[in-house]
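This briefing covers one protein chain, from its overall fold down to single residues. Please have the sequence and the model open while reading.

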Amino acid sequence: MERLTARELFDKVSARLSLRWVAGQQGENRAIVPAEKQSRRPSLAGYLNTIYPNKIQIIGTEELAWLDGLDSRQRWEMIQKIVGFQPTAIVVTKDQTVPSDLRDAANETATPVWLSSQRGHELL
């Protein structure tokens, strides 16, 4: 397989991972490519990483708490940075509320945001 779109991935795993698509539906054609085809570190999915961003960025309780601890300017800059990496999708765990600023940024940049009832390590 050369590439898999966000829509194809969502359709394949949404039932098993309890995923709901909550923002950035316009980004359904974003693609994820096999690790061996990537020029950087081959981590396709993992917890939020802004140094070596994963193609599927998982945002759990700790990551949301970290965002909440930033002042408004830092938070805005960080959310812009996260969506600027153009991940295939962002997954928020444990049915937590997706912050409105993250949802808005995802919709503006066509970044798929999925919500799951599962915990991060279960999604990985």
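This is a predicted model: local features need pLDDT of at least 70, side-chain atom pairs count only at pLDDT 80 or more; totals for chains, interfaces and linings use all residues.

Residues are numbered from 1 along each chain as its sequence is written, and side-chain values use heavy atoms, with hydrogens and water left out.

**Overall fold**

- The protein chain has five helices and seven strands; helices (H or I, at least four residues) and strands (E, at least two) are DSSP runs, numbered from the N terminus.
- Read from the N terminus, the order of elements is β-α-β-β-β-β-α-α-β-α-β-α.
- The C-alpha trace spans about 40 × 30 × 25 Å along its principal axes.
- Of the 124 residues, 48% count as buried (buried means under 20% relative accessible area, exposed over 50%, partly exposed in between, with a 1.4 Å probe and protein chains only).
- Among contacts with a separation of 6 or more, 64% join residues 24 or more positions apart; contact means heavy atoms within 4.5 Å.

**Helix α3 against helix α4**

- The axes of α3 (residues 72–84) and α4 (residues 100–109) come within 10 Å and cross at roughly 40 degrees. That angle makes α3 oblique to α4.
- Axes are lines fitted to C-alpha atoms, for helices over the stretch in contact, and angles run from 0 to 180 degrees between N-to-C directions. Angles under 35 degrees count as roughly parallel, over 145 as roughly antiparallel, 65 to 115 as roughly perpendicular and the rest as oblique.
- On the α3 side the contact is made by Arg75, Ile79, Gln80 and Val83, and on the α4 side by Asp101, Leu102, Ala105, Ala106 and Thr109.
- By class, the residues of this contact are five nonpolar, two polar and two charged (Ala, Val, Leu, Ile, Met, Phe, Trp, Tyr, Cys and Pro count as nonpolar, Asp, Glu, Lys and Arg as charged, and the others, Gly among them, as polar).

**Helix α2 against helix α3**

- Helix α2 (residues 61–68) packs on α3 at an angle of about 135 degrees, with the axes 9 Å apart. The two helices are therefore oblique to each other.
- Trp66, Leu67 and Asp68 of α2 meet Arg75, Met78 and Ile79 of α3.
- This contact divides into four nonpolar, no polar and two charged residues.

**Individual residues**

- Gln57 sits in strand β5 (residues 56–59) and is buried, with a relative accessible area of 0%.
- Leaving aside residues up to four places away in sequence, Gln57 touches Gly46, Tyr47, Leu48, Asn49, Pro87, Ala89, Ile90 and Val91. The C-alpha atoms of Gln57 and Gly46 are separated by 5.7 Å, at 11 residues apart along the chain.
- Glu8, in helix α1 (residues 6–17), counts as partly exposed at 38% relative accessibility.
- Gln86 is not a glycine, yet its phi is positive, at about 55 degrees. Gln86 lies in the loop between α3 and β6 (89–92) and is exposed, with a relative accessible area of 51%.
- Ala110 also has a positive phi, near 55 degrees, and is in the loop between α4 and β7 (113–116).
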